[in-house]
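Here is a friendly walk through a structure, in questions and answers. Have a look at the fold, then read on.

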Amino acid sequence: MYLSNLRVGLFDPNNQLTLLSAQASFEREFVNKLQSAGIDTRNTTLHFAADTRCYCQTVAKPHIDSVKQLATEQGFINNQLTVTSDSALISYIPSTPAVAVFNQQGLLVYLGPYATGLFCAPQQGIVENYISSEQAYLGATIISDAKGCYCHS
């Protein structure tokens, strides 16, 4: 338990995602970067992982698997991206594990951590509410102010 407590931190410790998401062009630029990398965002759940060994990725694996299953059940395509230190996405993904959800038109619905708390467990999940094929689009929800088990990108 002591070692686990050392891993609890802020999802966006340097406020880089907070500052970027305040710009009116944020969503469009984020989607454009993904599309430039060959990713079709339509009806997609995009799972971000670190390129290095991340204790929190291991801890969150059961929750990540349950989110992938929910996305599949709702008709979403699951894609995985590894975030590297030289990636064009590094400023958009301050920590991993992280997830982005896009609707049928390819618009960003959710970006942030899977959950909060020490174990990022399904009971502390955030993203599940945004994975629905029938949800009306009300704009993107970007969670940068969260505390849990995250590895910084």
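Q: Across which strands does helix α4 lie?
A: Keep in mind that this is a predicted model. Helix α4 covers residues 55–73 and runs at about 170° to β2. The strands that helix α4 lies across are β2 and β3.

Q: How confident is the predictor in the protein chain, as an average pLDDT?
A: Of the residues, 93% score at least 70. For the protein chain, the average pLDDT is 89.

Q: What is the order of the strands in the open sheet of 5 strands?
A: Start at the edges, which are β3 (77–83) and β7 (141–142), each pairing on one side only. The pairing in this sheet is mixed. Reading across, the order is β3-β2-β5-β6-β7.

Q: At about what angle does helix α3 run to β6?
A: Helix α3 takes in residues 26–36. This helix lies across β2 (44–50), β3, β5, β6 and β7. Its angle to β6 is about 85°.

Q: Which residues are the closest to the centre of the largest pocket?
A: The largest pocket holds about 200 Å³ of space, and 17 residues line it. That lining divides into 8 nonpolar, 9 polar and no charged residues. The closest to the centre are Asn 103, Val 109, Gln 135, Ala 136 and Tyr 137.

Q: Is the peptide bond from Thr 96 to Pro 97 cis or trans?
A: Pro 97 sits in the loop between β4 (95–96) and β5. The omega of the bond from Thr 96 to Pro 97 is near 0°. That bond is cis.

Q: What value is phi of Asn 15 near?
A: Asn 15 is found in the loop between β1 (8–10) and α2 (16–21). Its phi is positive, in a residue other than glycine. The value is near 60°.

Methods: Residues numbered from 1 in each chain as written. Predicted model: local features only at pLDDT ≥ 70, side-chain atom pairs only at ≥ 80, totals over all residues. Heavy atoms only, no water. Pairing = 2+ DSSP bridges. Helix = DSSP H or I, 4+ residues; strand = E, 2+ residues; numbered from the N terminus. Contact = heavy atoms within 4.5 Å. Axes fitted to C-alpha atoms, helices over the stretch in contact; angles between N-to-C directions. 1 Å grid on protein atoms, 1.4 Å probe; cavity = no way out; pocket = protein on both sides within 12 Å on 5 of 7 lines; lining within 4 Å. Points joined across faces, edges and corners; volume = space filled by probe spheres on them. Nonpolar A, V, L, I, M, F, W, Y, C, P; charged D, E, K, R; others polar. pLDDT = per-residue confidence, 0-100.
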